[in-house]
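Let's take a friendly walk through a protein model together. Have the sequence and the 3D view ready, and follow along one stop at a time.

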Amino acid sequence: KIKMGEGIAGTVAKERRPVLVEDIEKDKRFKGKSRDRYKTRSFISCPIVSKNRLLGVLNINDKRDGTSFTEDEFDLITIIANQAAIALENAFLMKQLKLKATELENINRKLIETDVAKTEFIANISHELRTPLTVLSGYLESMTVEPPQQGGVDRELWDLSMNRMQQQVLRMSLLVEDLLVLSRLETPGANKKEGLVEVPQLLAALEDEAQVISHGRHQIMSEIDNNLRIVGTQGELDSLFRNLVVNAINYTPTGGAVRIRWYLDEGRPCFEVHDTGV
C-alpha cells in the first residue's frame, strides 16, 4: 500500500488515467519518480476503477526481452484492468450476498424457532383452558335448571350470580377461540364469526359488572341507545368496551363517576367512556 500521489502507482491512482511509458527517462510526467522495482525503462500502469471507486492499480513492467511496451499491449492491459475491476466488484458483491444470506438464514431460523414455541404455547394453553371450561359450563347448566331450596340462597342473588358466571364463561370461550385461530397461523380476521352484535345487551351486562368491580366506590352511569346494533365480532367488541370501562374505574378516585355512552352521531355508532379520574 502506498499513499495517493506517491511514486508512479500513486500518481496513476490519484489521476485515475492509464499510462504507457516507453522510456521513463524521457517522460516528463514520471522523470525522477522512484522506480526501484523497475529493471527496464518501459512500463504500463492502469487504475482499476469500478463505479467511480478506486480498487487498485495494475502495473506491468520489465518485458522479458527488455523492449518497450507497445500501444497494442497498452490497449490489452487497459482491457484487462477493466475486467479486473468487474471481477473484483463481483467478488465484493458475492461476499456481501453471502453475508446477507447467512444473516437472513439466522434470522429465519430464529423466527421459525420462535413461531414453533409460540404455536406450542398457544396450543397447550388452549387445551388446558378448554377442559375446565367444558366442566364449568356443564355444572352451570345443571344449576340453572335446579332452583335454590326454599329458605336457602336468595333466588334473585342466585340468578344474578349465575348470569355473571355464564357471561365470564362465554368471554373465556371467545378468548380461547382467538388463541386457536392464532395457533393455526391464519390471517388476521380468519375464523372470526361476524354478525349482528346486540351492543345494548352487551353494555347493560358491562354496566352491571362495572358496579361489582367498583364496589360502590364510584357512580356508574349509562346512556345507551337500545335500538342501536352493529355488525361485528362480539368477542372483540366485548374486550374493547370492557378494557376502556375497567381502565376508567381503576384510574378514577373513590367518589368519582364513570359514564358509558352508546349513541348514533350523524349516522355513525359511537361508544364513549367519560370519567373523573386522571
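We will visit a sheet, its helices, some rings and a few loops.

First, some ground rules: this is a predicted model, where local features need pLDDT of at least 70, side-chain atom pairs count only at pLDDT 80 or more, and totals for chains, interfaces and linings use all residues. Residues are numbered from 1 along each chain as its sequence is written, and side-chain values use heavy atoms, with hydrogens and water left out.

Let's begin with an open sheet of 3 strands, in the order β5-β7-β8 and with mixed pairing. At its edges are β5 (219–224) and β8 (268–275), each of which pairs on one side only. From one strand to the next, the twist averages 10 degrees. The names come from DSSP runs, numbered from the N terminus: helices are H or I with at least four residues, and strands are E with at least two. Two strands pair if DSSP finds at least two bridges between them. Strands of a sheet pair through backbone hydrogen bonds, either parallel or antiparallel. Here β5 and β7 (residues 257–265) pair in the parallel sense over 6 bridges, and Met 221 has Arg 259 in β7 as its bridge partner.

Which helices lie across this sheet? Helix α4 (residues 199–214) lies across β5, β7 and β8, running at about 175 degrees to β5. Helix α5 (residues 234–250) also lies across β5, β7 and β8, and runs at about 20 degrees to β8. For these angles, axes are lines fitted to C-alpha atoms, for helices over the stretch in contact (heavy atoms within 4.5 Å), and angles run from 0 to 180 degrees between N-to-C directions.

Now look for the rings. The structure holds 2 aromatic pairs. In one of them, the rings of Phe 241 and Phe 271 have centres 4.1 Å apart and planes at 35 degrees, so the pair is tilted. Rings of Phe, Tyr and Trp (its six-membered ring) pair if their centres lie within 6.5 Å; planes under 30 degrees apart count as stacked, over 60 as edge-to-face and the rest as tilted. Because Phe 241 lies in helix α5 and Phe 271 in strand β8, the pair ties together parts that are 30 residues apart in sequence. Ring pairs link Phe 241, Trp 262 and Phe 271 into a cluster. Is Phe 241 buried or exposed? Phe 241 is buried, with a relative accessible area of 3%; buried means under 20%, exposed over 50% and partly exposed in between (1.4 Å probe, protein chains only).

Next comes the loop between α5 and β7, where you will find Thr 252. This residue is buried, at a relative accessible area of 5%. The side chain of Thr 252 reaches the backbone oxygen of Ala 248 at 2.6 Å. Not counting residues up to four places away in sequence, Thr 252 touches several residues, including His 218, Val 258 and Asp 275.

Glu 266, in the loop between β7 and β8, has a positive phi of about 55 degrees although it is not a glycine. Glu 266 is exposed, with a relative accessible area of 76%. Elsewhere, β2 (residues 43–50) and β3 (residues 53–61) pair in the antiparallel sense over 8 bridges. Asn 52 lies in the loop between β2 and β3, and its phi, near 60 degrees, is a positive value in a residue other than glycine. Asn 52 is exposed, with a relative accessible area of 69%.

Technical notes: Polar contact = N/O pair within 3.5 Å; in protein donor to acceptor, adjacent residues only side chain to side chain.
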